[in-house]
Amino acid sequence: MTFYKAVEHIEKYPFFTFTQTSPQYFAWMKQYAPSLWEKIKKYVAEDRLEIIGGMWVEPDLVMPCGESLVRQRLYGMLFYQLNFEKMPKVESLLDVFGFPQQVAQILAKSGAESFWTTKCTWNDMNFWPFAYYWWEGQDGSRVFTHHFN
């Protein structure tokens with residue numbers, strides 16, 4: 001339903017754009033709604049439907065090993081490249097658990113220029129003091145990060 005409404009609004013309102021974060025959602029549209037998929041491809045090409053993210057789905061970040069997280073990013077970015085002939089520069093992980101340091105390195109080394117989330121502000125115990133910062137991995141790779149409060 002989300003894609004149907006997004007496409008409807010794109011066609012009705014010239015100023016409207018829509019962003020989707022996980023390649024898995026696009027893959028479902030390709031498989032189950034071919035006519036909608038053609039419209040999605042058209043609007044992605046026109047930058048009216050923006051692809052962001054790059055992990056196949058929003059994974060748990062605490063339990064999986066680094067290799068699993070790299071695969072999430074590899075398969076997601078590959079889907080975007082094969083289907084839209086472009087890859088996003090922004091990663092978004094809104095509802096994940098944990099942010100291990102290796103994620104900054106994985107994102108930076110796989111083409112992410114920036115990252116955004118709201119997850120660190122979803123608690124009543126610890127105040128998150130930053131909105132913008134450079135998230136740095138152990139190897140020194142960095143990704144510009146924004147936390148929406």
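This report describes the sheet, the helix packed on it and the nonpolar cores of a predicted model.

## Basis of the description

Because the model is predicted, local features need pLDDT of at least 70 and side-chain atom pairs count only at pLDDT 80 or more, while totals for chains, interfaces and linings use all residues. Residues are numbered from 1 along each chain as its sequence is written, and side-chain values use heavy atoms, with hydrogens and water left out.

## The four-stranded sheet

Four strands form an open sheet with mixed pairing in the order β3-β4-β6-β5; strands (E, at least two residues) and helices (H or I, at least four) are DSSP runs numbered from the N terminus, and two strands pair if DSSP finds at least two bridges between them. Since β3 and β5 stand at the edges with a single partner strand each, one side of each is left without a neighbour in the sheet. Direction ignored, neighbouring strands are turned by 30° against each other on average, where axes are lines fitted to C-alpha atoms, for helices over the stretch in contact, and angles run from 0 to 180 degrees between N-to-C directions.

Strand β4 (residues 114-117) runs parallel to β6 (residues 142-147) and is joined to β6 by four bridges; Trp-116 stands opposite His-146, and Thr-117 opposite His-147. Strand β5 (residues 132-136), in contrast, pairs with β6 in the antiparallel sense over five bridges, with Arg-142 as the bridge partner of Glu-136. The hairpin formed by β5 and β6 has five residues between the strands, and Gly-140 in its turn has a positive phi of about 95°.

Helix α5 (residues 101-109) has Val-103, Ala-104, Ile-106 and Leu-107 buried, that is, under 20% relative accessible area with a 1.4 Å probe and protein chains only. These residues lie on the same side of α5, because they cover an arc of only 165° around the axis, taken from the directions from the helix axis to the C-beta atoms. Their cover includes α4 (66-84), β3 (90-92), β4, β5 and β6. Just after α5, Gly-111 takes a positive phi of about 100°.

## Nonpolar cores

The largest nonpolar core has 19 residues, and Phe-26, Ile-40, Leu-49 and Phe-84 have the most contacts inside it; such a core is a set of buried Ala, Val, Leu, Ile, Met, Phe, Trp, Tyr and Cys residues joined through side-chain atoms within 4.5 Å. Its largest share, five residues, comes from α3. Apart from this core lies another, of 14 residues, among them Met-55, Ile-106, Phe-115 and Trp-135.

Note on methods: Buried means under 20% relative accessible area, exposed over 50%, partly exposed in between (1.4 Å probe, protein chains only). Contact means heavy atoms within 4.5 Å.
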